[in-house]
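Trainee: Hello! I would like to learn how to read a structure feature by feature. Could you walk me through this one?

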Amino acid sequence: MRLLVVIIFILNGFYSYSQNQKIASIKRGQLLYEDLCLRCHMPNGKGVQGVFPPLANSDYLNDITATIRIIKYGGIKEDLVVNGVTYNGYMESQGLSDDEIADVANYVLNSWGNSSKLVMDEKEVSKIKSND
C-alpha cells in the first residue's frame, strides 16, 4: 500500500511540474506572439481571410510538424489550405531559437479555442528539419 501511495505522489508531482512548465512556456510564447506574430495573425488569432491564415481554431495546427517548420524556417512555397481557405502568401522566418519556437507553438496550440495536450520543447523543435 505504501508503494502505491509513493507512486501516486511521484506521478502527481511530475504532472504538476509538467503543467507548470507548460504554463510558463505559454506565457513566454504569448509575449513572443504579441511582438512578432500579432500584426499578421491579429490579436484574436483569426488572421485576415485570404491573406494571413487564422491560428484560432485552425485545422492546419493538427499537423504540428508542418506548423513548426513554417515558424522555424519561414516561407511557404506552395498554396496552404487552412479551414478550407487557400493562402499563397509568404511568411518570413522570425529568427527564433528552438526554445522560442516551442513557446510560440505552445501558446498558439492553447489559445483562441485551440486546446492541445501536446507540449513542445526545444528538443522536439530541433528534430524538425527544412523540406529543402
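Mentor: Gladly! Let us begin with a definition: rings of Phe, Tyr and Trp (its six-membered ring) pair if their centres lie within 6.5 Å. Please keep in mind that this is a predicted model.

Trainee: How many aromatic pairs does a search of the whole structure find?

Mentor: The search finds 3 aromatic pairs. In general, a pair of aromatic rings is described by the distance of the centres and the angle of the planes. Take Tyr33 and Tyr107: their ring centres are 5.5 Å apart and the planes lie at 50°, so this pair is tilted. Tyr33 sits in helix 1 (residues 2-41) and Tyr107 in helix 3 (residues 98-108), so-called distant parts of the chain, 74 residues apart.

Trainee: Are Tyr33 and Tyr107 buried or exposed?

Mentor: Both Tyr33 and Tyr107 are buried. For Tyr33 the relative accessibility is 1%, and that is why it counts as buried; the cut-off for buried is under 20%.

Trainee: Which ring pair does Tyr33 form with Trp112?

Mentor: A tilted one, because the ring centres of Tyr33 and Trp112 are 5.0 Å apart and their planes are at 55°. This pair also links distant parts of the chain, with Tyr33 in helix 1 and Trp112 in the loop between helix 3 and helix 4 (122-126), 79 residues apart. Put together, ring pairs join Tyr33, Tyr107 and Trp112 into a cluster. Trp112 has another feature to notice: its phi is near 55°, a positive value in a residue other than glycine.

Trainee: Where else is there a positive phi in a residue that is not a glycine?

Mentor: Asn83 has one, of about 50°. You will find Asn83 in the loop between strand 1 (80-82) and strand 2. With 37% relative accessibility, Asn83 counts as partly exposed.

Trainee: Now I would like to look at helices. At what angle do the axes of helix 2 and helix 3 cross?

Mentor: Helix 2 (residues 64-73) and helix 3 have axes that come within 10 Å and cross at roughly 130°. That angle makes helix 2 oblique to helix 3. The crossing is right-handed.

Trainee: Why is helix 3 described as largely enclosed by the rest of the structure?

Mentor: Because 8 of its 11 residues are buried. The buried residues of helix 3 include Ile101, Asp103, Asn106 and Val108.

Trainee: Finally, what pattern does the protein chain follow along the sequence?

Mentor: The pattern is α-α-β-β-α-α, from 4 helices and 2 strands. Of the 132 residues in the protein chain, 33% are buried. Among contacts between residues at least 6 apart in sequence, 59% join residues at least 24 apart.

Terms used
Residues numbered from 1 in each chain as written. Predicted model: local features only at pLDDT ≥ 70, side-chain atom pairs only at ≥ 80, totals over all residues. Heavy atoms only, no water. Phe/Tyr/Trp six-rings, centres within 6.5 Å; stacked < 30°, edge-to-face > 60°. Buried < 20%, exposed > 50% of the residue type's maximum accessible area, 1.4 Å probe, protein only. Axes fitted to C-alpha atoms, helices over the stretch in contact; angles between N-to-C directions. Parallel < 35°, antiparallel > 145°, perpendicular 65-115°, else oblique. Left-handed = near helix turned anticlockwise from the far one by under 90°. Contact = heavy atoms within 4.5 Å.
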